[in-house]
Amino acid sequence: MKTFAILLRRDLAILLPGGARGSAFLPLIFFLLVAVLYPFAVGPEPSLLARTGGGVLWVAALLASILPLDRLVASDREAGVFDQLALRGISEEIAMTARLVAHWLSFGPLILIATLPAAALLSLNGQTFWRLLASLLAGTPGLAAIGLITSALLASLRGGTALAGLLLAPIAVPLVIFGAGHLARDDISGALFAGAFSLVLCAIAPFAAAAAIRAARD
Amino acid sequence: MQARLSATDLACRKGDRLLFRQLDLDLGPGDMLHVRGPNGVGKTSLMRILAGLARPFAGTIERSDEVGMIDGRHALDPDRKLGDALRFWARLDGGVDISEPMRRLGIDTLTDIPVGYLSTGQKQRGVIARLLLRPRPIWLLDEAFAGLDTASQDLLADLVSEHCKAGGLCAFVSHQPVDLPARVLDLAEYA
């Protein structure tokens, strides 16, 4: 547990906004940019924006979650961090669990906060805004988990980031269907399904990512 | 400490090439081994196999204790200050003080410099300081002398001989001649 806290502290120092790698605001800016550009593209008619805006923000959140992936695992692998951890008897699973938490914290909360100005830009009503917030809260951990798995899988490849998007998108389709579907239905089943899918992915991700790192080792 | 590192009938395969085979090794307390051989003969692979980071194609390895390893990669966060980057490893090693190893390596003045701004040799000295954080009986040094100035090379040689006098053992890869009473293993003989 103490080891986990030490690892998480380092991951947060590197990944969080103001942290060492310093690209943490990119997903937030990307997300807001979509909200700003979308009315220009489809026209400012409020009813159209209100009907389609929530789904667009969901797609924006998915694409924004791809942005931090290029250095999420690859740079530590190149620098031999995982080897030094292994020599100290620290498993890749613990390291990847800490990385998953830090990765979500680096973009999830920011996107949730940005949902408020984005909803205003797309003239979403109050109910849709709360539904969007709930479904993003349920779905973004799943996006973080898929992101971690793909970036661990591609860590040993050069220029794997472009591939990361291609690999991530199909697995994320159920999250988008249920998460964005939650906006259109009156019950909460969509958010619950998205949340369940997120939980499963978060449970798998540390093991899958750890296995990917070990497989790339020798 | 009763350090021991032994390998029996070791073989290593990379792709479809057998790099070395029938390698036997037995190192006890105080032993030094200088692994040599031309490029591509499998020195780094041997070190990684001995450290347990890679699986041998054949053969078995026994290690008595924890391994301290230096390889070609520094594993220090380039965007963080050297002090912070080392302190992370010190915390994992049980919250030890980093100032003494840093002073020993002559990098105590570099604490506040980001790792990315340091020269190769300065980074390498940071890596050696990490090795000293906690006593680890088995040292595996892969090209640890590379990139160091003469004074630092001598210092590392001193550290290795102190380590072995205290009952540790050390296997190192180096292309340069090293002034240590080490047994020489020419890996090319096992190809």
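Trainee: Where is the place of A75(B) in chain B?

Mentor: A75(B) is in the loop between strand 5 and helix 2 of chain B. Helices here are DSSP runs of H or I with at least four residues, strands are runs of E with at least two, and both are numbered from the N terminus. Please keep in mind that this is a predicted model: local features need pLDDT of at least 70, side-chain atom pairs count only at pLDDT 80 or more, and totals for chains, interfaces and linings use all residues. Residues are numbered from 1 along each chain as its sequence is written, while chains are lettered from A and ligands numbered from 1 in the order in which they are written.

Trainee: How do you know whether A75(B) counts as buried or exposed?

Mentor: We count C-beta atoms, placed from the backbone: 20 or more others within 10 Å means buried, 12 or fewer exposed, and anything in between partly exposed. A75(B) has 22 such neighbours inside 10 Å, so it counts as buried. Its phi is near 55°, a positive value in a residue other than glycine.

Trainee: What makes E143(B) partly exposed?

Mentor: E143(B) is called partly exposed because it has 18 other C-beta atoms within 10 Å. It sits in the loop between strand 6 (138-142) and helix 5 (150-165) of chain B, and its phi, near 55°, is also positive in a residue other than glycine.

Trainee: Which residues of helix 2 of chain B are buried?

Mentor: They are L82(B), A85(B), L86(B), F88(B), W89(B), A90(B) and L92(B). These buried residues pack against helix 1 (2-15) of chain A together with helix 4 (120-131) of chain B. After helix 2 of chain B comes G94(B), with a positive phi near 100°.

Trainee: How many residues of chain B are in contact with chain A?

Mentor: Contact means that the C-beta atoms of two residues, placed from the backbone, lie within 7 Å. By that rule, 16 residues of chain B touch 17 residues of chain A. On the chain B side, strand 5 (67-70) and helix 2 (82-92) each supply at least two residues, and the largest share, three residues, comes from helix 2.

Trainee: How do the residues on that side of chain B divide by class?

Mentor: Eight are nonpolar, one is polar and seven are charged. Ala, Val, Leu, Ile, Met, Phe, Trp, Tyr, Cys and Pro count as nonpolar, Asp, Glu, Lys and Arg as charged, and the others, Gly among them, as polar.

Trainee: Why do strand 2 and strand 4 of chain B stand at the edges of their sheet?

Mentor: Three strands of chain B form an open sheet in the order 2-1-4, with antiparallel pairing. Strand 2 (17-27) and strand 4 (58-63) each have a single partner strand, so one side of each is left without a neighbour in the sheet.

Trainee: How do you know that strand 1 and strand 4 of chain B pair?

Mentor: Pairing requires DSSP to find at least two bridges between two strands. Strand 1 (residues 5-14) and strand 4 of chain B have five bridges, in the antiparallel sense. A7(B), for example, stands opposite I61(B) in strand 4.

Trainee: Over in chain A, why is helix 3 called roughly parallel to helix 7?

Mentor: Axes are lines fitted to C-alpha atoms, for helices over the stretch in contact, and angles run from 0 to 180 degrees between N-to-C directions. Helix 3 (residues 46-66) and helix 7 (residues 126-153) of chain A pack at about 25°, with their axes 10 Å apart. Angles under 35 degrees count as roughly parallel, over 145 as roughly antiparallel, 65 to 115 as roughly perpendicular and the rest as oblique. That makes helix 3 of chain A roughly parallel to helix 7 of chain A.

Trainee: Which residues meet in that contact of chain A?

Mentor: Helix 3 brings A50(A), G54(A) and L57(A), among others, to meet residues of helix 7 including T128(A), L132(A) and L136(A). By class, this contact has nine nonpolar, five polar and no charged residues.

Trainee: And what makes F129(A) buried?

Mentor: F129(A), which lies in helix 7 of chain A, has 20 C-beta neighbours inside 10 Å and therefore counts as buried. Leaving aside neighbours within four places in sequence, F129(A) is in contact with A119(A) and L124(A).
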